[in-house]
Amino acid sequence: MKHPDISPGSIAWAGKALTEFYAATGEQEYLDAATWAGDWIVSNCQREDGPGGFSAGFVGWGATPAEYRVTEHNIDIYAFARDLYSLT
């Protein structure tokens with residue numbers, strides 16, 4: 001069985017889908033869930049050292065914080081944050 005990494009890029013894509021559902025339906029629960037996802041990314045993955053940005057999340061069964069960054073995840077987070085910002 002593969003270990004369960006927690007990627008902010010994956011959470012950003014889920015958040016982006018939630019913003020699309022909210023835009024299509026106007027149902028507040030979708031916006032609330034998208035906001036929660038954004039808050040989780042910022043609270044758990046935002047880095048202020050070196051180049052900043054967001055870490056790669058958590059690695060493995062022990063949910064060890066990743067010390068590295070992934071450009072793709074940061075691009076995903078940007079796309080999600082842009083959409084969420086436009087709705088709030």
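Predicted model: local features only at pLDDT ≥ 70, side-chain atom pairs only at ≥ 80, totals over all residues.
Visitor: How many helices and strands does the chain have?

Guide: Helices (H or I, at least four residues) and strands (E, at least two) are DSSP runs, numbered from the N terminus. Here that gives three helices and two strands.

Visitor: What does the radius of gyration say about the chain?

Guide: The radius is taken over C-alpha atoms, and the globule rule is 2.2 Å times the number of residues to the power 0.38. For 88 residues, a compact globule would come out near 12 Å, and the chain's 13 Å agrees with that. Along the principal axes, the C-alpha atoms fill a box of roughly 35 × 35 × 20 Å.

Visitor: What share of the residues is buried?

Guide: Buried means under 20% relative accessible area, exposed means over 50%, and partly exposed is in between (1.4 Å probe, protein chains only). In this chain, buried residues make up 38% of the 88.

Visitor: Now the helices. How do I read a packed pair?

Guide: Two packed helices are described by the angle between their axes and the distance between the axes. The axes are lines fitted to C-alpha atoms, for helices over the stretch in contact, and angles run from 0 to 180 degrees between N-to-C directions. Under 35 degrees counts as roughly parallel, over 145 as roughly antiparallel, 65 to 115 as roughly perpendicular, and the rest as oblique.

Visitor: At what angle do α1 and α2 pack?

Guide: They pack at about 155 degrees, with their axes 8 Å apart. That makes α1 roughly antiparallel to α2. Their crossing is left-handed, meaning that the near helix is turned anticlockwise from the far one by less than a right angle (clockwise would be right-handed).

Visitor: Which residues of α1 and α2 meet?

Guide: Contact means heavy atoms within 4.5 Å. On the α1 side, the residues include Ile11, Leu18 and Phe21, and on the α2 side they include Tyr30, Trp40 and Cys45. The whole set divides into 14 nonpolar, four polar and no charged. For that count, Ala, Val, Leu, Ile, Met, Phe, Trp, Tyr, Cys and Pro are nonpolar, Asp, Glu, Lys and Arg are charged, and the others, Gly among them, are polar.

Visitor: And how do α1 and α3 cross?

Guide: The axes of α1 (residues 8-25) and α3 (residues 71-87) come within 8 Å and cross at roughly 25 degrees. That makes α1 roughly parallel to α3. α1 passes α3 in a left-handed crossing. Among the residues making the contact are Trp13, Lys16 and Glu20 of α1, with Asp76, Arg82 and Asp83 of α3. The contact's residues divide into nine nonpolar, four polar and five charged.

Visitor: At what angle do α2 and α3 pack?

Guide: Helix α2 (residues 28-45) packs with α3 at about 135 degrees, their axes 11 Å apart. The two are therefore oblique to each other. α2 passes α3 in a left-handed crossing. In α2, Leu31, Ala34, Thr35, Ala37, Gly38 and Ile41 meet Ile77, Phe80, Leu84 and Leu87 in α3. These divide into eight nonpolar, two polar and no charged.

Visitor: What does Leu87 touch?

Guide: Leu87 touches Thr19, Tyr22 and Leu31, not counting residues up to four places away in sequence. Leu87 belongs to α3 and is partly exposed, at 28% relative accessible area. Arg82 also lies in α3, and at 42% relative accessibility Arg82 counts as partly exposed.

Visitor: Is Ser7 buried or exposed?

Guide: Ser7 is buried, with a relative accessible area of 13%. Ser7 lies in the segment before α1 and touches Ala56 and His73, again leaving out residues up to four places away in sequence.

Visitor: What is the phi of Ala63?

Guide: Most residues other than glycine have a negative phi. Ala63 has a positive phi of about 50 degrees although it is not a glycine. Ala63 sits in the loop between β1 (58-59) and β2 (64-65).

Methods. Residues numbered from 1 in each chain as written. Heavy atoms only, no water.
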